[in-house]
Each structure stands twice: as structure tokens, then as C-alpha cells.
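Good morning, and thank you for coming. I would ask everyone to look at the structure on the screen before I describe it.

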Amino acid sequence: MNQLREFTEEIGETVLENVGRAVGKAQERTPLPVDLLESEDAYLAVFDAPDATSSDVQVQLSGRTVEVRLDRFREPREGFEMLFPGRGLTLDGHVQLPPDAAIDGEDTSATLAENGTLQVRVPKSDDGTTVDVTDESDGTTESDDSE
């Protein structure tokens, strides 16, 4: 009877793991939710960025498009072990700014709030470039110097 219980538990763990992987992969194919707000002099794109840190986030301005990529790396929680990985590790999102918007990369800012939102403020002017992302809590910056 003990072998049957162990076999049943193994099947259950395997099913949970496979379901978790499938859910994670489906989440990776779903774009990050985004709100686009406008003021007189700027646009504000607000993305959901759960469990991300500034080093996980890449923000790219391309034409009038704000593109975001999260490559999340999860540390194990103390006292817990992963039963199944149900959340995607790589998440993408983008938002097209209205036709009257032009991008000035030097004045663009991206802030990752403690509540898991990424706010990208894009002034209404010309140009485009990579954006540094800062953590709201400690002011540290991660930069992509590939340009």
C-alpha cells in the first residue's frame, strides 16, 4: 500500500510540475499589461512588472514604441521549495505612443516601484534610445551601454 501511495504522489508531483511549466509558458506568450497616460508634455506607460528588479528590466524606445522585457530570476523563498514554476520568467510588453509623440531618450525615465509597476515617462520630443531603470526604494540604476 505504501508503494501505491508513493506512486500516486509521484504522479501528482509530475502533473503539477507539467501544469506549472505550461502556465509559465502561456504567461510568457501573453504581453505585459500596460496603461498609457498623457499629460501636456509627456506620456506615461505603466506596465505590470511582478517580482522584477531593475536589473531584470530592459526598456527600449523604438520610433514611437516603448518596448519592455523582463527577465526575472527568482531566488528560493526561505523555508519553501518550488512545487511547480507557474509564472513566466521572460515577459515582454510594448505600447505604441500616439502619432503626435516623438521620443527624446535623454529626458525619458523608467522607474520600478515597490508595488511591481514599471513607469516609463516619455516626453513629447524627438529621438530615441535605451532607457536606464531605477529602483524606487534605493535609487540604484541598471544601464544597458550597448549603444
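Helices (H or I, at least four residues) and strands (E, at least two) are DSSP runs, numbered from the N terminus. This is a predicted model, in which local features need pLDDT of at least 70 and side-chain atom pairs count only at pLDDT 80 or more, while totals for chains, interfaces and linings use all residues. Residues are numbered from 1 along each chain as its sequence is written, and side-chain values use heavy atoms, with hydrogens and water left out.

Let me begin with the overall picture. The protein has one helix and 10 strands, and from the N terminus the order is α-β-β-β-β-β-β-β-β-β-β. Of its 147 residues, 31% are buried, where buried means under 20% relative accessible area, exposed over 50%, and partly exposed in between (1.4 Å probe, protein chains only). Taking a contact as heavy atoms within 4.5 Å, residues 24 or more positions apart account for 55% of the contacts with a separation of 6 or more.

I turn now to the pairing of strands; two strands pair if DSSP finds at least two bridges between them. Strand β1 (residues 34-38) is antiparallel to β2, with five bridges, and aspartate 35 has valine 46 in β2 as its bridge partner. These two strands form a hairpin with three residues between them.

Which strands does β6 pair with? Strand β6 is joined to β7 (residues 117-123) by four bridges in the antiparallel sense, and to β9 (residues 133-135) by three bridges in the parallel sense. Leucine 112 is the bridge partner of leucine 118 in β7, whereas alanine 110 has valine 133 in β9.

In a regular strand the side chains alternate between the two faces of the sheet.

Next, the interior. A nonpolar core is a set of buried Ala, Val, Leu, Ile, Met, Phe, Trp, Tyr and Cys residues joined through side-chain atoms within 4.5 Å. The largest one has 21 residues, and those with the most contacts inside it are Phe47, Val57, Val59, Val66, Val68, Leu118 and Val120. At least two residues of this core come from each of β2 (42-48), β3 (57-62), β4 (65-71), β5 (90-96), β6 and β7. What does leucine 118 touch? Leaving aside residues up to four places away in sequence, its contacts include Phe47, Val57, Val68, Leu112 and Val133.

Some polar residues deserve attention as well. A polar contact is a pair of N or O atoms within 3.5 Å; within protein, one must be able to donate a hydrogen and the other to accept it, and residues adjacent in sequence count only if both atoms are side-chain atoms. Aspartate 135 lies in strand β9 and counts as buried because its relative accessibility is 16%. Its side chain makes a polar contact of 3.3 Å with that of serine 54. Threonine 65, in strand β4, is buried at 11%, and its side chain has a polar contact of 2.7 Å with the side chain of glutamine 96.

Finally, the loop between β2 and β3 holds aspartate 51. Is aspartate 51 buried or partly exposed? At 38% relative accessibility, aspartate 51 counts as partly exposed. Its C-alpha atom is separated by 6.4 Å from that of glycine 116, 65 residues apart along the chain. Glycine 116 belongs to the hairpin of β6 and β7, which has four residues between the strands, and takes a positive phi near 90°.
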